[in-house]
Amino acid sequence: MIARRHLIAAGGLALTSCASAPTRARLGRVVVVGGGFGGATAARYLKLWGGADVDVTLVERNDAFLSCPMSNLVVAGLRDLGSITHSYAGLQALGVRRVRGEVVGINPGGRAITLADRSRLDWDRLIVAPGIDFMFDEIPGLRAAIDSGRAVHAYKAGQQTLALRRQLEALPDGGTVLISIPGSPYRCPPGPYERACLIAAWLRRAKPRSKLLVLDANPEIQSKKALFERAFAQHHAGVLEYRPNSELKEVLPDGTARFEFEDVKTDVLNLIPPQRAGDLVRDFANVNRRWVGVDWLTMQAQGLAGVHVIGDAILSASAMPKSAHLANQQAKLAAAAVLQLLRGEAVNPAPVVMNTCYSFATPTEAMHVASVYQYDAAEKTMQPVPGAGGLSPAASEREGVLAQGWAENIWADSLG
Ligand SMILES: Cc1cc2nc3c(=O)[nH]c(=O)nc-3n(C[C@H](O)[C@H](O)[C@H](O)COP(=O)(O)OP(=O)(O)OC[C@H]3O[C@@H](n4cnc5c(N)ncnc54)[C@H](O)[C@@H]3O)c2cc1C
């Protein structure tokens with residue numbers, strides 16, 4: 001392969017194309033941005049289904065894959081960060097070219113992306129899976145509190161996960177912890193309630209005089225409501241106090257969290273900010289300037305030829321949560337559609353995706369919710385399939401084992 005180097009004038013800047021840009025495969029070049037659940041799965045399935053006919057490049061800012069699923073167990077001291085960190089070697093072994101870098105621009109008309117080091121990658125189709133970013137502007141003082149380390153979000157896995165763990169370990173026995181839950185939609189609707197259960201169980205054992213306050217901007221628990229209510233009452237009463245309709249309004253410089261009706265000062269502040277599509281696709285967020293609307297047959301962003309968006313960044317269909325499982329499913333839908341479009345074939349007119357989401361109610365017992373969604377040609381969206389899916393009758397140790405197995409399986413399916 002002969003390395004190519006182009007100089008392209010754009011906006012007054014000389015942009016250099018990646019020196020190692022691949023030669024053109026029969027079907028063309030697909031660039032995938034974001035190596036989380038959505039992007040990694042898309043890159044893997046493009047290669048599994050497209051083989052040598054398609055050039056696949058994955059651009060990701062991090063050196064390794066960090067999993068939010070199971071990160072609440074790291075927060076609670078039940079796993080270490082290494083166990084939720086995975087390499088991209090499986091994708092590279094399949095022939096996915098990996099570029100480590102920050103994508104700073106998408107040029108749909110010019111069919112190119114630009115990286116922070118000014119290099120440029122050209123594509124025939126682009127799949128973007130940047131996850132979420134936080135709406136710090138909504139809550140004065142929140143960004144400063146998180147930047148200073150006074151508060152943590154732990155809602156993107158990695159250093160934030162470890163920071164929350166360390167703050168819990170440093171908590172004096174008799175101290176207090178606050179979890180603030182943003183209004184929906186946010187990624188992983190059951191995630192904050194699972195975290196509350198696991199932190200409460202840990203406090204009861206390790207800091208028995210401590211308390212956990214959970215203040216929820218929503219009017220009620222957002223997922224597995226009856227199961228979480230039972231877990232709160234059966235296992236965590238006396239440690240965990242849950243209050244709905246409590247929206248965080250401001251964080252003061254001294255760490256006071258200001259809610260609509262009360263000021264709260266605790267030792268540990270886990271403030272989960274309101275969320276929107278990742279910064280990279282902000283200009284394409286056509287729904288409330290927050291989420292990217294897509295064509296569900298191809299995952300192509302509305303009005304953006306050649307650009308497919310998947311995962312947490314999109315406007316979810318009715319009753320569809322933002323989850324790793326669905327990002328993985330949407331990635332397969334996008335990979336199949338991209339290959340069909342590159343081949344000049346018709347795309348699947350009736351795609352189906354599914355979701356299973358496990359949550360731990362105690363360190364060993366978990367429960368799940370499952371759902372199936374099918375394309376509705378009349379409404380041009382995905383609709384839940386009535387009667388498909390279901391909910392655990394109760395949390396159990398057996399499901400605790402299945403939850404760990406689900407994580408191992410989705411890591412393997414996304415990364416190889
Ligand atoms: C505490 C917690 C627990 C969860 N538990 C579950 C669970 O049990 N089951 C489940 O299904 N889901 C769970 N989720 C939700 C799940 O993590 C997300 O839905 C999933 O990660 C979404 O995948 P994604 O590909 O859209 O985004 P991500 O997985 O966040 O991936 C986005 C990637 O894009 C990269 N990126 C972003 N912008 C750029 C850029 N400009 N340049 C280069 N790279 C970029 C990021 O570094 C990141 O790697 C949980 C989430 C949390 C926070």
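This is a predicted model: local features need pLDDT of at least 70, side-chain atom pairs count only at pLDDT 80 or more; totals for chains, interfaces and linings use all residues.
Local features need pLDDT of at least 70 and side-chain atom pairs count only at pLDDT 80 or more, while totals for chains, interfaces and linings use all residues. Residues are numbered from 1 along each chain as its sequence is written, and side-chain values use heavy atoms, with hydrogens and water left out.

**The sheet**

Select strands S13, S20, S14, S15 and S16, in that order: they form an open sheet with parallel pairing. Strands are DSSP runs of E with at least two residues, helices are runs of H or I with at least four, and both are numbered from the N terminus. Two strands pair if DSSP finds at least two bridges between them. At the edges are S13 (151-152) and S16 (240-243), each pairing on one side only.

Now show S14 (residues 176-181) beside S20 (residues 268-271), which it joins through four bridges. Serine 180 has leucine 271 as its bridge partner there. On to S15 (residues 211-216): six bridges join S14 to S15, with threonine 176 partnering lysine 211.

Right-handed means that, with the strands pointing away from the viewer, the path from the first strand over the helix to the second runs clockwise. From S15 the chain crosses through helix H7 (residues 225-235) to S16, again as a right-handed β-α-β crossover.

Select leucine 212, opposite leucine 240 in S16. Leucine 212 touches residues including Val177, Ile199 and Val239 (contact: heavy atoms within 4.5 Å). Ile113 and Leu212 have the most contacts inside the largest nonpolar core, which has 127 residues. Such a core is a set of buried Ala, Val, Leu, Ile, Met, Phe, Trp, Tyr and Cys residues joined through side-chain atoms within 4.5 Å.

**Aromatic rings**

Rings of Phe, Tyr and Trp (its six-membered ring) pair if their centres lie within 6.5 Å; planes under 30 degrees apart count as stacked, over 60 as edge-to-face and the rest as tilted. The count comes to seven aromatic pairs. Select tyrosine 45 and tryptophan 49, an edge-to-face pair at 5.0 Å and 70°. Tyrosine 45 is buried, whereas tryptophan 49 is partly exposed.

Finish with Tyr193, Phe228, Phe232 and Tyr242, a cluster linked by ring pairs.

Note on methods: Buried means under 20% relative accessible area, exposed over 50%, partly exposed in between (1.4 Å probe, protein chains only). Lists of a residue's contacts leave out its neighbours within four places in sequence.
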